[in-house]
Amino acid sequence: MTTATPRRFLAHLYQEGPHNPFPGIKALERRLGHALPHQYGSNEGLDMPHAVLGGELGHALADLSRSYADADAWQLRHQLAERLGVAYETLLVDAGADSLLALVMRATICAGERVITSAGTYPTLAYFARGLGAEVIEVPYTEAHASDDAPHSAQLAPDLAALAAAASQHAARVVYLANPDNPSGHLHSDEDVRALRDALPADCSLLLDEAYHDFRPDAAQADNAPMARTFRLRTFSKAYGLAGLRLGFMIAEREDLALLTKVRIHYAVSAPALAAGELLLEHPEEAATHVAAVIQSRDQLAEHLRSLGADVLPSATNFLCVRLKSAKRAAQVQQQLMAQGVLITRSPHPALGHILRISTLEDSLVPGRLACLEQAIVEENRA
């Protein structure tokens, strides 16, 4: 008697097809081995003069905007493969990490099936899952507070053991983990993440959101390899400053990517986005300098707020979190700052309503910029 291989994707994706009907001009040129300079077949506005667009935003952008992008993202994937030390075939490029989240959901989840996530983590995962009719099971974070002897011992972390247990209990199709976490900033080790993956049922996938990977203190040494039964998502929105262009990529086993490609929107990534990503990967020093500056600002702001008595969570991201004593006080601070034109984030999830997240731009260090928060911290410590 043979045992059926556990199914992680929708059943119909395991058959032949469907095949992308529009692989794109660049893929055709690679197959032919020569360029096709006279393109009359894809109904693009190739002769659009773009006087206004070129004049306002630059002629390079205008030229890129006329044509569909390379659907395979051939050049960018080769650059990423070299930079990360992984195979070209284990990379998939799409329109940002959110688009990749939606792609995984679309290929693995049916209505009524279950997804496991942490209660208060990045909410787009639950939004996509519920939109497909899936049931979202939330697991509480683990929480620890700093002490006078250990002011840096505060913690708010996804509970990996509880995530694994919930996946088994509820026969889940997907477990979501942001690492480093959003909104807490907590970083789990690669070993702990692999242990979580190993603890999941064989027909359950780990959706590993690594949007803040570049800000990890060990980013240069961290493991980039594809992991079995795991979708690793990364983005150009944070370290590379391309949030407005929507560009991200996935690292996964090539067999999994082949199935995902069957339901992927083939021209989701724009030509300007690809060109920007390729250019920045040719000049990695620019992103590295930015990441170092953000980390310096983050650490400087954290130490300043801790000096006032704030409960600041350790962060491996481009933001930090301040944990106040109540959701009511956190909401008051957020509203006061917003009235002054200062936007910080308070988690919409009731379990984390007492958490305020601050992106650590250099502007956040301007004296008085966060005065309402500083006052609230001092008052809480007096109480």
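Visitor: Which residues of α11 are buried?

Guide: Please keep in mind that this is a predicted model. A residue is called buried when its relative accessible area is under 20%. In α11 the buried residues are Ala 287, Val 291, Val 294, Ser 297, Arg 298, Leu 301, Ala 302, Leu 305 and Arg 306. Among the elements that cover these residues are β10 (312–313), β11 (319–323), β13 (355–359) and α13 (371–382).

Visitor: How many residues does helix α11 have, and what does it reach from its first C-alpha to its last?

Guide: Helix α11 runs over residues 284–307, which makes 24 residues, and it reaches 35 Å, close to the 34 Å expected at 1.5 Å a residue. Just after α11, Gly 309 adopts a positive phi of about 100°.

Visitor: How many residues has the largest nonpolar core, and which have the most contacts inside it?

Guide: In soluble globular proteins, nonpolar side chains tend to be buried together. Here the largest nonpolar core has 29 residues, and those with the most contacts inside it are Met 105, Val 115, Leu 207, Phe 231, Met 250 and Leu 260. Two or more residues each come from α5 (96–108), α6 (124–131), β6 (174–178), β8 (230–235) and α9 (254–260). The most come from α5, which gives 6 residues. Apart from this core lies another, of 28 residues, including Leu 84, Leu 242, Ala 271 and Ala 287.

Visitor: What is Phe 231 in contact with?

Guide: Beyond its neighbours within four places in sequence, the contacts of Phe 231 include Leu 207, Met 250 and Leu 260, as well as Arg 8, Ser 205 and Asp 256.

Visitor: How many cavities of 30 Å³ or more does the structure hold, and which residues line the largest cavity?

Guide: Rolling a probe the size of a water molecule over the atoms shows where empty space is left. The structure holds 1 cavity of 30 Å³ or more, and about 50 Å³ of space lies in the largest cavity. Its lining consists of Asn 179, Asp 190, Val 193, Arg 194, Leu 208, Glu 210, Asp 223, Met 227 and Arg 232. By class, that lining has 3 nonpolar, 1 polar and 5 charged residues. Helix α8 (residues 190–199) gives the most to the lining, with 3 residues.

Technical notes. Residues are numbered from 1 along each chain as its sequence is written. This is a predicted model: local features need pLDDT of at least 70, side-chain atom pairs count only at pLDDT 80 or more; totals for chains, interfaces and linings use all residues. Side-chain values use heavy atoms; hydrogens and water are left out. A nonpolar core is a set of buried Ala, Val, Leu, Ile, Met, Phe, Trp, Tyr and Cys residues joined through side-chain atoms within 4.5 Å. Buried means under 20% relative accessible area, exposed over 50%, partly exposed in between (1.4 Å probe, protein chains only). Helices (H or I, at least four residues) and strands (E, at least two) are DSSP runs, numbered from the N terminus. Contact means heavy atoms within 4.5 Å. The expected span of a helix is 1.5 Å times one less than its number of residues. On a 1 Å grid over the protein atoms alone, a cavity is a set of points where a 1.4 Å probe fits but cannot get out, and a pocket is an open set with protein on both sides within 12 Å along at least five of seven lines; lining residues have an atom within 4 Å of a point. Grid points are joined across faces, edges and corners, and a volume is the space filled by probe spheres set on the points. Ala, Val, Leu, Ile, Met, Phe, Trp, Tyr, Cys and Pro count as nonpolar, Asp, Glu, Lys and Arg as charged, and the others, Gly among them, as polar.
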